[in-house]
Amino acid sequence: KCERKPSGCPFAFHNPPQRQNCKIIIQNSILQFWKQLGEKAQRDFFDKLKNYRRDETMKIGMLTSGGDCQGLNAALRGVAKALYQEFGTAVTIYGIRDGYRGLIEGDYHPMEPQDFSDILTRGGTILGTSRQPFKTMQQAEENEATKLEKMLDTCRRARFDCLVILGGNGTHKTANLLSEHGIPVVTLPKTIDNDLWGTQVTFGFQSAMNIAVEVIDSIHSTAFSHSRVFIVEIMGHKAGWLTLHAGIASGADVIVIPEIPYDARAIAAAIQQRARGGKRFSIVAVAEGAISREEAAMSKKDFKAARAAMPYPSISYRLADELQKITSQEIRVTIPGHFQRGGAPCAADRLLCTRLGVAAAELIREGKFGNMVAVQNDRIVPVPLKEVAGRLKTVPVDGELVHAARELGLCMGD
Ligand code: F6P
């Protein structure tokens, strides 16, 4: 305190020469106090100063990995908003760029609350994404740390208190690996394929389904006009959820999914039967991962070789050829492709992403790491990562939806 004005702020009331005197007096007092502290207390003080922000602020790293889809931004927003609501300025969120690539290369940046504003409806991901195959994570590179080691190093150096990871099947295998190596992880289930084990539904699926339905709806009128058979190829390599749901919702006549190996003659018979019944057209919804009966009987190696030698750009073109030969009907192929993953999330996905985001923030608050937030019996629940990792959720061939399709008289390709 200033000796001349013990109460109130001395600097504010003195003119410059006196102020200088006050400063010197104060500096001397601080120096005196500092010396009296002793070496240990001085060291403690510096340590505290150094770690001040780190101790006081919770650090959350967020990344989106694998194929993008609608709702990624909505989910990031859900997590962030709930965290800011709970912890205010005591939490710092770091955006890790391009999925695991950013974690491997230490490419991350602090984000502000306003970064999560106005992104509820935006397609894609504001963080960027990339595919980093799980099998490469622990591969030793010459004189170099593995990707896993690099990711662990980034987490250590960044002092992340938790990683929030949004992704599908491959992403979850790596998330589980990180969790097994002691990193606190919470994940959210993303994929238009809906093939992630442990959750009734993944976000992105319902938006992609709406797009696929719109495509098949539109194809109806042109197919009718020209009396054509149309094949619409829907995304989904390993699981047929999207094709099955979109096919039923849009009134497709044949639905071909990877879980039910197809027989071209059975599909052709269904098309011919429709034509005999006076139907001018037929629509065949085919999953990109559809396989024939012959292929289903092959070993994995033979199947790979057969597909590598297949002279068609995709399975739909081969099926079109097969059907044309049997039916002599004009066949056209439409492939909406990545269109199915683009644009704004539908209302159902916005809602789902927000619920999942809030639940993820709650898991962080409660310290319940190593879990994916999932939908079970229409409720959001945590599911241990070790149960999710490496397990695919495929369409049950004797399930209710396949049964419903058959009851409607649809051909399931077999
Ligand atoms: O996993 C989602 C998905 O869209 C699949 O349906 C599709 O097989 C695959 O990604 C396409 O991957 P990419 O965008 O790398 O071509």
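Two strands pair if DSSP finds at least two bridges between them, and strands themselves are DSSP runs of E with at least two residues, numbered from the N terminus, just as helices are runs of H or I with at least four. With that in hand, strand S6 (residues 229-234) and S9 pair in the parallel sense over four bridges. Along this pairing, Phe-230 stands opposite Arg-332 in S9.

A word on the model: it is predicted, so local features need pLDDT of at least 70 and side-chain atom pairs pLDDT 80 or more, while totals for chains, interfaces and linings use all residues. Residues are numbered from 1 along each chain as its sequence is written, and side-chain values use heavy atoms, without hydrogens and water.

Now step back to the whole sheet. Four strands form an open, parallel sheet in the order S7-S8-S6-S9. Its edges are strand S7 (254-256) and strand S9 (331-334), each pairing on one side only.

Next, let's visit the aromatic rings. The structure holds six aromatic pairs (Phe, Tyr or Trp rings, the latter by its six-membered ring, with centres within 6.5 Å; planes under 30 degrees apart are stacked, over 60 edge-to-face, the rest tilted). Phe-224 and Phe-281 are edge-to-face, because their planes stand at 75°, with ring centres 6.3 Å apart. Phe-224 lies in helix H9 (residues 205-226) and Phe-281 in the loop between helix H11 (264-276) and strand S8 (282-287), so the pair ties together parts 57 residues apart in sequence. Elsewhere, Tyr-94, Tyr-108 and Phe-160 form one aromatic cluster.
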